[in-house]
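I opened this model to look up its strand pairing, its chain contact and its salt bridges. My notes are below, entry by entry.

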Amino acid sequence: MGTLIDSSELVVNSQTVERQNITIADPSSASGLVNVTPKGVQGSFALTTQDFKDSGRKSIIIAYSGTSGITATNTLLTFQYMSGGTVSTSKTEYTVTTGKTFRIQSILVSLRNSTAAAHDTFCNILVDYTGTIITTSSPTALPITVELSASAVSTINIPIPDGLEFPTGSTIGMSAFADTSAAIVLTNIILIGYEY
Amino acid sequence: MITSMTLNRNGTVTTSQTFYTVSTGKIFRLQSIAAQAQVGAASDPIFNIRANFAGGTVTTASPLLIPMILGATSSGSSNFVTINVAGGLELPSGATLGVSQVGGNTASTYGIFIIIGYEY
């Protein structure tokens with residue numbers, strides 16, 4: 001059994017009143033050992049820890065994909081989401097599960113401009129913290145403007161190392177438009193994250 | 001069609017895999033995806049990442065996790081798509097992961113498609 005914590009002396013009015021060693025062991029392990037090791041030394045046994053955000057997390061992917069052009073009018077996008085392995089039917093909004101926080105880890109936006117002129121496109125991630133139904137007028141959490149050269153493709157990936165969090169009951173949607181009604185194809189908007 | 005893949009698990013390489021099964025008692029944390037295709041004309045080749053959280057053979061009808069559409073405006077290379085998933089996309093023990101591909105035209109060939117992650 002390894003000693004993990006050697007407590008400090010409890011001192012009252014300069015008098016040491018108690019000193020107690022605290023040991024932590026794993027009773028389910030044959031050895032029952034945990035290690036205290038100096039810096040830079042790999043121990044044979046360790047006390048495992050886990051952040052709340054990594055405990056019981058449920059993977060969520062919100063994915064829009066398309067091969068036809070978007071228009072010059074801001075339009076709500078229809079997408080599917082995957083929640084814990086189950087894929088939804090077509091939706092225009094995702095609602096964060098009651099009692100959970102939704103943490104977005106990565107955003108992908110891909111576009112194709114098959115016209116002979118440069119164009120601007122505008123992709124909006126819409127989030128309503130109060131849970132109101134998403135419309136094109138909903139608060140824009142992320143306005144992603146992509147300038148496309150003539151006959152060009154563009155992919156933008158935004159990794160978010162510590163996550164972008166939305167509270168329980170929030171509603172999330174997407175809209176997009178271009179500066180022309182010509183064929184600008186929004187091939188993907190993908191939000192990857194999890195609830196915890 | 002389902003894509004045949006090469007799996008490198010902790011240094012051991014296995015070819016011709018149509019899906020990957022998360023080891024029993026482990027969680028698979030997907031960290032990054034990279035994809036690009038070569039096309040014979042302007043088109044939209046598609047890589048669909050599919051997974052059965054409950055396990056079982058991955059088919060073109062399996063639940064769709066990530067539909068990746070690689071646009072190309074002319075003959076040559078499609079856009080190069082990378083997705084970095086900070087903190088990881090997790091699949092549970094026993095889940096199966098595979099990739100299906102569609103289009104874009106008869107002259108398309110599929111280039112790089114890499115999924116990087118780890119089990120813990």
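These entries follow the order in which I looked things up.

**Ground rules.** I am working with a predicted model, in which local features need pLDDT of at least 70 and side-chain atom pairs count only at pLDDT 80 or more, while totals for chains, interfaces and linings use all residues. Residues are numbered from 1 along each chain as its sequence is written, chains are lettered from A and ligands numbered from 1 in the order in which they are written, and side-chain values use heavy atoms, with hydrogens and water left out.

Entry 1: I took strands as DSSP runs of E with at least two residues, numbered from the N terminus. I called two strands paired if DSSP finds at least two bridges between them. Strand 5 of chain A covers residues 58–65 and strand 8 of chain A covers residues 80–83. The two pair antiparallel, over four bridges. I looked up A:I60 and found A:S83 of strand 8 opposite.

Next I followed strand 8 of chain A onward. Two bridges join strand 8 to strand 9 (residues 86–87) of chain A, again in the antiparallel sense. A:M82 has A:V87 in strand 9 as its bridge partner. Strands 8 and 9 of chain A form a hairpin with two residues between the strands. There I noted A:G84, which takes a positive phi near 60°.

**Entry 2: the contact of chain A and chain B.** How many residues does each chain bring to the contact? I counted with heavy atoms within 4.5 Å as contact. Chain A gives 32 residues and chain B gives 26. The size of an interface is often given as the accessible area lost when the parts come together. I used that area, with a 1.4 Å probe, summed over both parts. Chain B and chain A bury about 2400 Å² between them, and 61% of it lies on carbon and sulfur atoms. On the chain B side, B:I69, B:T73 and B:A86 lose the most area to chain A. Together these three make up 23% of what that side buries.

I then listed polar contacts (N or O atom pairs within 3.5 Å; within protein, one atom able to donate a hydrogen and the other to accept it, and residues adjacent in sequence counting only if both atoms are side-chain atoms). Twelve residue pairs, both at pLDDT 80 or more, are in polar contact between chain B and chain A. Strand 6 (64–69) and strand 8 (81–91) of chain B each supply at least two residues of the side that touches chain A. Strand 8 of chain B gives the most, with ten residues.

**Entry 3: salt bridges.** My rule was a side-chain nitrogen of Lys or Arg within 4 Å of a carboxyl oxygen of Asp or Glu. Nine salt bridges turn up over all chains. Three of them cross the interface of chain B and chain A. I looked up A:R112 with B:D44, at 2.6 Å, N to O.

A:K53 bridges to A:D51 at 3.9 Å between the closest N and O atoms. A:K53 also bridges to A:D54, at 3.3 Å. A network of salt bridges links A:D51, A:K53, A:D54, A:R57, B:R29 and B:E90.

For burial I used relative accessible area: buried is under 20%, exposed over 50%, partly exposed in between (1.4 Å probe, protein chains only). A:D54 counts as buried at 13%. A:K53 is partly exposed at 25%, and A:D51 is partly exposed at 45%.

Another pair is A:R103 and A:E165, at 2.5 Å, N to O. A:R103 lies in strand 11 (residues 102–113) and A:E165 in strand 14 (residues 152–166) of chain A, so the pair ties together parts that are 62 residues apart in sequence. A:R103 is buried at 13%, whereas A:E165 is partly exposed at 30%.

**Entry 4: A:S110.** Is A:S110 buried or exposed? A:S110 counts as buried, at 0% relative accessibility. A:S110 sits in strand 11 of chain A. Its side chain makes a polar contact with the side chain of A:T155, at 3.2 Å. Beyond neighbours within four places in sequence, the contacts of A:S110 include A:S154, A:V185, B:I69 and B:V81.

**Entry 5: B:Q31.** B:Q31 is in strand 4 (residues 28–39) of chain B. I found B:Q31 partly exposed, at 33%. B:I115 is 84 residues away from B:Q31 in sequence and 7.7 Å away in space, C-alpha to C-alpha.

Technical notes
Buried area is the accessible area (1.4 Å probe) that two parts lose on being put together, summed over both.
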